[in-house]
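Please look over the model below.

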Amino acid sequence: MSPAPTHSRGASWAAARIVIALRWPIVAFWIIVAAGATGLAPSAPITGGGISGLLPEDSTPIQAEQRSFDEFAFPVLSRVVVVQHNPDGLPAQTRRDTIDAATRLLSLFNEETTETSSDSVLVALPLINSTTDIPSSTGDGTTAVTYLFTGPDISLGRQTRAAGAYADRLGGASADVVGLAGLVPAQYEQGQLIKDRLPIVEIATAAFVLLVVGIALRSILAPLVTVATALLSYLVATRLLGIAQTFVDISVPRELEPLILALLIGVVADYSLFYLYGFRRQLHSGLPRLDAARMATSDYSKVILVAGLTVAAGTASLLVAQLSLFRAFGPGLALTVLTGLAVSLTLTPALLAILGRFVFWPNRLEDPPPERRHRMIEHITRRPLAAVVTAACLIGLVLVASPVRDMSLNLSFANGLPADNPVQQAQAAADEGFAQGIISPSVLLLEGPDLTQRTDSLEQLATEIDEVPGVAGVLGPDGLPANRGREMILSPTGEAARLLLVLDADPLDANAVAIMQDLQRQLPAMLTQAELADTEATFVGDTAIATELVRQTRADFLRIAIAAPLVLLVLLVLLLRSLIAPLFLLLTSMLGVAAALGISTWVFQDTAGRTGITFYVPFATAVLLLALGSDYNVFSVGRVWEEARHRSLREALLLVVPRTNVAIRTAGIALAGSLALVALIPLWPFQEIAFTMAIGLLIDVFVIRTLLVPSLIILFGSVSMWPARPRTPHSDERPTAALNEGQR
């Protein structure tokens, strides 16, 4: 149970009096705001564009892709593919129909007719594995992949629907069409899964919070108040994000929307729990309903305000990132947390003042809960055992964190889908007839003088690239169908050429990124060997974009690893008025984050056999876990510091830690469970997010907050409060008579 600290009749007491006095208008205000937001304000802007939109427009792969489009009359990069497969071999008529359909479409495209709209497929390019001359082909005639090209700036849904219509015109199942594959349909399917499962996540999260709070407080109404406050916060926050987008660049990537839902419900539940514990304690002390509400509000509003600002500031530090995904998400998440904070600071105390003891119904609060004397806390607050506990925790956390050194990052969309998803099945069918990379080949764009006259050098370069491990095949000037070969490889101006590479890996996973990085390192030497050293060579395509995203993500991670801790350190220093304790508190939180990421790496990458962790998962979870760890520091150590003004540091720990740990453990379990339920969305990234956040919070609550931090405070003693000093600096080992008196 949280302590009832001595309040001062300062700003917090004045604010508490105002909130309780205006309890009915406050409730009415938030109801009106929620109703108005639902009916009038736009919902949060949920973004879900193609992979190219994740990089700045001036990045090398994006610029090279644009130059490739400008130089050549015929496109070669497609992100949506129709897959046909028959294990007994595609019938001859099916092959002819596939080629004829593409030829007719190409004729219309060349004639620039108006018979096709921007929503339809403009160009189709089929490849059939009927010969081993096609790189990565098995040569058994079982599989055809048709690359489709639509107009520019077409949404994922419209591209997918246009591709589906084209597949239907081929004959659907009668033409052995398995389905659509590629980045566009994979992203579209992910978005649909998230949209369909989000209500389930919302219901499950609310139910879990109801259960945890109900059991902890032995009440039915208290958890209803908690969940109602959290859901109202989410409703208002999503509408505020929609309004904010009209003024600043704030967006919520669809891939992270469920995380925001679970986080906001969990955080608001945390703050409500601390109010509820404080209110119950004041009622047990004999105060009337309104006085108890004022005292609890005065005692906890300041610490909740600082805690909420800490989380918001930590997430806002994402602004130092260069990737637009993180720069937009950081302010969006900060605004979401601030909205939940505003609701918590006003609506929760107002409801407590209105409901009074009835909020804990059917618990009648006749007898106060007994004071808990934790033997473990008494033992670890003695220096010899504190040293042992500190060493054991630090060694254990470092060992658990060690796998993070081998973490790989990937962007795989199709492989993140359930095995029975149509896009996943279509990609698997394509893989049977070709190499994995056939769904999205890479392109090497070459720019230089007289390239169309240097076909021998281009072929030599293609041969050298083909010998690099992980490259399944390369299409050069002599390897394409005669009817379109030269126009696909050699530009009309004669100043550019391109080679098509098929990798033996999913184009967006960590293996493909490693192959691309190897190619980029070896490319200068291969150009020299092929007498093409005077050309500018740039890799284009999904794998090149993924490689650049991984590089920039790692660079952004380093920036955030500096910015976020600095922001949180400043806030802890201001709150605790100390320089020593904030340092080791922040370091322990960072070690807990590393441990969570290490366990996730071991579970998903080393044990489950995945090629890597989704690129944004370590980034988002690390920032959130670090901010939430500082959040709990505010609740626990802040209380210890307040008590240390009146008694020894050890006595303050013995008095505060057992009480705060009850509230922190309940809040931590509620938040961890809320975030774990994100795994109800059957996509790899959400499994990774859910597991990492849940395990990280449990480590923070049960290891760092319960064992490591009290031990470190005892080891550092009064030095941890420097430059401030407790009133009895030499009494850390005094008998606990004063403590017993304080408890009475």
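In which sense do β9 and strand β10 pair, and over how many bridges? Strand β9 (residues 471-475) and strand β10 (residues 496-503) pair in the antiparallel sense, over 4 bridges. This is a predicted model, in which local features need pLDDT of at least 70, side-chain atom pairs count only at pLDDT 80 or more, and totals for chains, interfaces and linings use all residues. Residues are numbered from 1 along each chain as its sequence is written, and side-chain values use heavy atoms, with hydrogens and water left out.

**The sheet**

- An open sheet is formed by 4 strands in the order β9-β10-β8-β11, with antiparallel pairing. Strands are DSSP runs of E with at least two residues, and helices are runs of H or I with at least four, numbered from the N terminus. Two strands pair if DSSP finds at least two bridges between them.
- β9 and β11 (536-540) stand at the edges with a single partner strand each, so one side of each has no neighbour in the sheet.
- Neighbouring strands are turned by 25° against each other on average, direction ignored.
- Gly 473 stands opposite Val 502 in β10.
- β9 is mostly covered, with 4 of its 5 residues buried (under 20% relative accessible area; exposed is over 50%, partly exposed in between; 1.4 Å probe, protein chains only).

**Helices across the sheet**

- α3 (residues 60-71) lies across β8 (442-447), β10 and β11, and runs at about 100° to β11. Axes are lines fitted to C-alpha atoms, for helices over the stretch in contact, and angles run from 0 to 180 degrees between N-to-C directions.
- Helix α16 (residues 510-529) lies across β8, β9, β10 and β11, running at about 170° to β11.

**α3 with α17**

- The axes of α3 and helix α17 (residues 542-576) come within 9 Å and cross at roughly 155°. The two helices are therefore roughly antiparallel (over 145 degrees).
- Pro 61, Ile 62 and Glu 65 in α3 meet Ala 544, Ile 545 and Glu 548 in α17; contact means heavy atoms within 4.5 Å.
- By class, this contact has 4 nonpolar, no polar and 2 charged residues. Ala, Val, Leu, Ile, Met, Phe, Trp, Tyr, Cys and Pro count as nonpolar, Asp, Glu, Lys and Arg as charged, and the others, Gly among them, as polar.

**α18 with α21**

- Helix α18 (residues 580-607) packs on helix α21 (residues 684-716) at an angle of about 145°, with the axes 8 Å apart.
- Their contact residues divide into 18 nonpolar, 7 polar and 3 charged.

How values were computed
Parallel < 35°, antiparallel > 145°, perpendicular 65-115°, else oblique.
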